[in-house]
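Please look over the sequence and the structure before reading on.

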Amino acid sequence: MGPDSAPGPAVPWQKVLWERQPFPDNYVDQRFLEELRRNEGVRQYRYWSVVKEAGFVGQQLSCVALFITLWLYMEQGLLSPEMLLLTSLVCALLGYGLHQVLTSQIEPGCEPRTRLADLQSAAIFLSFTFGFSPVLKTLTESVSTDTVYAMSAVMLLAHLVSFPYAQPSPPGSLSLNAALFASVCLASRLPGALHTFAMLSCALLVFALWPCLLQRLRENAPNQFTGVCVGMCIGGVGGLGTQSLGGAMLLAIALGSVTLLCPLLLVRLQRHKDNIHGPWDEAEIHEDLSRFLH
Amino acid sequence: MGQRRRVANPPSQGVAGARTDCVRVSDRKHNICMVSDFFYPNMGGVESHIYQLSQCLIQKGHKVVIATHAYDRRKGVRYLTNGLKVYYLPLQVMYNQSTATTCFHSLPLLRCVFVRERITVVHAHSSFSAMAHDALFHAKTMGLNTVFTDHSLFGFADVSSVLTNKLLTVSLCDTNHIVCVSYTSKENTVLRATLNPEIVSVIPNAVDPTDFTPDPSQRQEDRITIVVISRLVYRKGIDLLGGIIPELCLKHPDLHFLIGGEGPKRIVLEEVREKYQLHDRVQLLGALEHKDVRGVLVQGHIFLNTSLTEAFCMAIVEGASCGLQVVSTRVGGIPEVLPEDLITLCEPTVRSLCAGLETVIAQQRSGSLPSPASIHARVKNLYTWKNVAERTEKVYDRVAGEEVLPLDRRLWRLRAHCGPVSGSIFAFVAVLDFLFLLLLQWLVPDRLMDDAVDATGPHRLWRQETIVKQTKSRSHSKGATSS
């Protein structure tokens, strides 16, 4: 029974405690760890499917770049607020139409939002933004410009980090708030109240509505979705290129590593995965037990 | 003590040590210090394990002291039954009764205990206890032999387990011997700490069978009572219980549940009871004191355990010892604990547990279950503390003959065993600990520290008291050596 007494292997060892067995306490049987299971239920990734999924991350990065490009144009007076508002309106109407088409394909059962309700919320948003744009314009006047830029940069980064890429519709509250905070900061550095209004409407379009449309596209038209992502990435790099060549280069490198290099790493490192399971694992409750309560 | 002994006769510790410490080593009596954050007045499996094991080791003539942290106003030294001395050290509690660890701050106090009590073996308990790991670390620095008992299972899947498993690897890589409470627990510990399985012994927990005797007269025969005694927490599967209760109560109108224990999941059971109007059939007893457990158990016909993870599970042994038919989930070490005819094992799902319970209920109605007395008779000799103490004593004997790694080899072992980064960090910490020990030895040399009065062990003073009556013959035979 003690750790050092000689084993008498006449009877086979059993993995039981209730029986006093003629083996020392530190005896290690052939069957030691026989119930160990490795890499159970591990997903095997295929490179191009991972690249496709990573495309969403890339296009969101481009969205931020595009937004910054638009802001740069506005700040330098190369783009008038009327022009931006008009383009935004056209894009919004086109996007809304597309969204309606894609939605009607899938959800016949549940109650759809009426057009009137959509129009109502759009009107509320726009009128409030318009009404508050003079206030927002002067909001950060007492803050130094460096601080505003730094804050915007941090917030846009936070937006990218906290964005719910797996389920972007509706956009997560943290990521949306961070993006809108950054937009308010940037918009308040523009020359006029109308500029601010145009910039904020554009921000709502890019950060709040665009992810919803893209999610619909991903669900219903995966091929077109890939095309849109590629288009967005090229558009982002191109747009930034007209303002800052260095920035465009950096963005291109970032996009390349996120969409091509990181999936490669994931697929390569997958083979080093060594996940162990065994009888010591805590059992998981898979059943829906709330039915007993509600 | 250990450091001093090593300096006195460095190379051949086993033989030379036996000659100098002839009294202690020749009749193989050890001076053991049990260290854990978890001890009375805190209640639980680890606490009673330490207490019962210490009592049995005292009966066998070893000297045992316990070191734990202070509980509220319980500080300093306390004596328990048979002169078991407990040091409640004033260390800061951080989380869940576990102390904060800095790797250093507990050294002065623990060194004081180890030197004054002339400790030879430090036995730490529970991987959740920071104090236990600290004590192992310091004991190795002081050149004392170390034993560690792991009472719990741990996964590998998330970040927190990766970190704690790394710490366990560091803590156990130069520990002399490890004790686990079941074979599953041994596999788990060997994997977590990347140990050589040869230095891990399996010594199950035990139950005092005289505390848990059946009493069928307490049962109400017009109903079938299912008893559950467990803390009401997620890991004990209380959510499953919340699903089982309505399923079975709707089918069997004479079924009653008796639930002892307290915890955050109590609300689940209360909601179920409320929704299905089962106030007269589901009794929630709240927290039970250990002495009251038997009184609840004997009222039941079936003992139900719904744990999601369990290294050994004393509760089912206690239930079976009281003559109840046990139904339990098949998780962790539970399948090893009771023979198949005494336990019905189910998968951890509501459906499987309900099916298992229905089978047992049907057997109960047809009267085909064995009688409580016969179940008790089978269980009572399976797990006894005497047996645990004998087997632990053998571990101590083995460990006492082993060498404690000197500092240079300890550093090498840490680097080789725990990876280049954490190995180097902890090797550095070990060096600092050693320097700190040297400083303490210079400030207060070991020879200036008074030896504590032995209450237990070969030179015990407690023998005049009650213990002498219980073990009269034994103490007479030892009397010659001690006087």
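The points below cover the chain interface, the salt bridges and the annotated domains.

This is a predicted model. Chain B and chain A bury about 3800 Å² between them. Over all chains, the structure holds 30 salt bridges. UniProt supplies domain annotations for chain B, including one at residues 215-361.

**Interface of chain B and chain A**

- On the chain B side, 57 residues are in contact with 34 residues of chain A.
- Carbon and sulfur atoms account for 61% of the roughly 3800 Å² buried between the two chains.
- Three residues stand out: B:Y183, B:E187 and B:L191 supply 17% of the area that chain B buries against chain A.
- A:K15 forms a salt bridge with B:E187, and their closest N and O atoms are 3.4 Å apart.
- Between chain B and chain A, 13 residue pairs are in polar contact, with both residues at pLDDT 80 or more.
- Several elements of chain B each supply at least two residues to the side that touches chain A: α8 (183-192), β10 (200-202), α9, α10 (266-275), α13 (334-337), α14 and α16.
- Of the chain B elements, α8(B) gives the most to that side, with seven residues.
- The residues on the side of chain B that touches chain A divide into 30 nonpolar, 13 polar and 14 charged.

**Salt bridges within chain B**

- Side chains of opposite charge can pair when their charged atoms come close.
- B:E393 forms a salt bridge with B:K60, with the closest N and O atoms 3.6 Å apart.
- B:E393 lies in helix α16 (residues 385-400) of chain B, while B:K60 lies in the loop between α4 (45-59) and β2 (63-69) of chain B, so this pair ties together parts that are 333 residues apart in sequence.
- B:E393 counts as buried because its relative accessibility is 14%, under the 20% cut-off.
- B:K60 is partly exposed, at a relative accessible area of 22%.
- B:E358 forms a salt bridge with B:K251, with the closest N and O atoms 2.9 Å apart.
- B:E358 sits in helix α14 (residues 350-366) of chain B and B:K251 in helix α9 (residues 238-251) of chain B, so the pair ties together parts that are 107 residues apart in sequence.
- B:E358 is partly exposed, at 22% relative accessibility.
- B:K251 counts as exposed because its relative accessibility is 52%, over the 50% cut-off.
- B:E262 forms a salt bridge with B:R266, with the closest N and O atoms 3.0 Å apart.
- B:E262 is partly exposed, at 38% relative accessibility.
- Salt bridges that share partners join B:K63, B:K85, B:E117 and B:D454 into one network.

**Domains annotated in UniProt**

- An unreviewed UniProt entry lists "domain: PIGA GPI anchor biosynthesis" at residues 69-158 of chain B.
- Over residues 69-158 the chain is 24% helix and 31% strand. The end C-alpha atoms of this stretch of chain B are 29 Å apart.
- An unreviewed UniProt entry places "domain: Glycosyl transferase family" at residues 215-361 of chain B.
- Over residues 215-361 of chain B the chain is 38% helix and 20% strand. The end C-alpha atoms of residues 215-361 are 19 Å apart.

Methods: Residues are numbered from 1 along each chain as its sequence is written. Chains are lettered from A and ligands numbered from 1 in the order in which they are written. This is a predicted model: local features need pLDDT of at least 70, side-chain atom pairs count only at pLDDT 80 or more; totals for chains, interfaces and linings use all residues. Side-chain values use heavy atoms; hydrogens and water are left out. A salt bridge is a side-chain nitrogen of Lys or Arg within 4 Å of a carboxyl oxygen of Asp or Glu. Helices (H or I, at least four residues) and strands (E, at least two) are DSSP runs, numbered from the N terminus. Buried means under 20% relative accessible area, exposed over 50%, partly exposed in between (1.4 Å probe, protein chains only). UniProt positions are given in the numbering used here, feature names are shortened, and annotations may be inferred rather than shown by experiment. Contact means heavy atoms within 4.5 Å. Buried area is the accessible area (1.4 Å probe) that two parts lose on being put together, summed over both. A polar contact is a pair of N or O atoms within 3.5 Å; within protein, one must be able to donate a hydrogen and the other to accept it, and residues adjacent in sequence count only if both atoms are side-chain atoms. Ala, Val, Leu, Ile, Met, Phe, Trp, Tyr, Cys and Pro count as nonpolar, Asp, Glu, Lys and Arg as charged, and the others, Gly among them, as polar.
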